[in-house]
Amino acid sequence: MDSALASEPPPYLPDTVRTSVKILIVGHFAVGKTTYIGTLSEIRPLRTEERMTQAGAAVDDLAGIKDKTTTTVAMDFGRLTLTDDIVLYLFGTPGQERFSRLWDDLARGALGALILVDTARLDRSFAAMDVVEKQGLPYAVAVNHFDGSPSFPEDEVREALDLAPGTPLVTCDARDRRSSTEALISLVDHLLTLDTEQP
Amino acid sequence: MTPRRNERALVRPHVVTGGRARPSRNVFDVVTLVLATGDLPRTGLTPEKVQIVELCLGGALSVAEISGHLGLPVGITRVLLSDLVDSGHLTTRAGAPAAPAPKVRLLQEVLDGLRARL
């Protein structure tokens, strides 16, 4: 039998890697999550799917499944081996709260979230911010600068998004490795500050 | 009327897991690292399980990567992985929830690792 794996062996992790962590890349449709992940990932980004019923209904068996609304949610993700010991996974996550079980699963154990926003459609980011806050995930906001997107002063963007004073707000170009890496650095720096400040 | 397109796709993965939607153990985060032990014969395993074991013989991969490479939904993948750990075909390395460790040190190492990529 032909195996799906025959063509290309997957890129395995180095034997020394023992610790895996995840950061969620959150934002509305077409804000650039997939591009961002593709720019930073050391592997060709993969897509994984989860089937779920809406409105949080639990399906533990198949009884009556035809009566339930089931949606397939696709998540793109990428991988960065950061040190001999640590691998970081980035998960592109749809900013919709109705996929609550998906969110519970992804948010559990996540270091934090980077919320990508587009200044031409700032209002579309509210849902993403709501769900990240509801999950209690610490986050930073990165404006993905599109050609032709209006450029607003930082305080106006902060005000429009109602950001807390300590929440980092940075600008990046999801196609550019350096600025995308810097956005992640701002997030992790913020996480470290939060953790150090805790009594 | 057009038949509902995803009906077939809805059923099949559950057939793969023998009708179960929940794994026998709850240790599989999407970033849990899994690898094959390589000690056990694969006879008697379903084709999907054989694929997973073969995939994991080469080295460690995350649950999400296994799901993505095999085109199986994450939930289904978790059920199959759980079975394969129970049967001794696979083993795990610590994933995020199992490693509360010193968080500040972990974050500092992540930060240093990211900075080194600039």
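This is a predicted model: local features need pLDDT of at least 70, side-chain atom pairs count only at pLDDT 80 or more; totals for chains, interfaces and linings use all residues.
Strand S1 of chain A, spanning residues 19-27, is mostly covered, with nine of its nine residues buried.

The pairing of S1(A) involves strands S4 and S5 of chain A. Nine bridges join S1(A) to S4(A), which comprises residues 86-94, and the two strands run parallel; within this pairing, Ser20(A) stands opposite Val87(A). S1(A) is also joined by four bridges to S5(A), residues 112-117, again in a parallel arrangement, and here the bridge partner of Leu24(A) is Ala113(A).

Chain B contains five helices and three strands, which follow one another along the sequence in the pattern α-β-α-β-α-α-β-α. Of the 118 residues of this chain, 37% count as buried. Among the contacts of chain B with a sequence separation of 6 or more, 73% are accounted for by residues 24 or more positions apart.

Within chain B, helix H3 (residues 63-70) is largely enclosed by the rest of the structure, because six of its eight residues are buried. The buried residues of H3(B) are Val63(B), Ala64(B), Glu65(B), Ile66(B), Ser67(B) and Gly68(B). The helix is followed by Gly71(B), for which phi is positive, near 65°.

H3(B) packs against helix H4 of chain B (residues 74-86) at an angle of about 110°, the two axes lying 9 Å apart. Since angles of 65 to 115 degrees count as roughly perpendicular, H3(B) and H4(B) are therefore assigned to that class. Their crossing is right-handed. The contact brings Val63(B), Ala64(B), Ile66(B) and Ser67(B) of H3(B) together with Val74(B), Thr77(B), Arg78(B) and Leu81(B) of H4(B); by class, it is made up of five nonpolar, two polar and one charged residues. An α-helix has 3.6 residues a turn, so residues three or four places apart point the same way.

Technical notes:
Residues are numbered from 1 along each chain as its sequence is written. Chains are lettered from A and ligands numbered from 1 in the order in which they are written. A residue is buried if 20 or more other C-beta atoms lie within 10 Å of its own, exposed if 12 or fewer, and partly exposed in between; C-beta atoms are placed from the backbone. Two residues are in contact if their C-beta atoms, placed from the backbone, lie within 7 Å. Two strands pair if DSSP finds at least two bridges between them. Axes are lines fitted to C-alpha atoms, for helices over the stretch in contact, and angles run from 0 to 180 degrees between N-to-C directions. Angles under 35 degrees count as roughly parallel, over 145 as roughly antiparallel, 65 to 115 as roughly perpendicular and the rest as oblique. A crossing is left-handed if the near helix is turned anticlockwise from the far one by less than a right angle, and right-handed if clockwise. Ala, Val, Leu, Ile, Met, Phe, Trp, Tyr, Cys and Pro count as nonpolar, Asp, Glu, Lys and Arg as charged, and the others, Gly among them, as polar.
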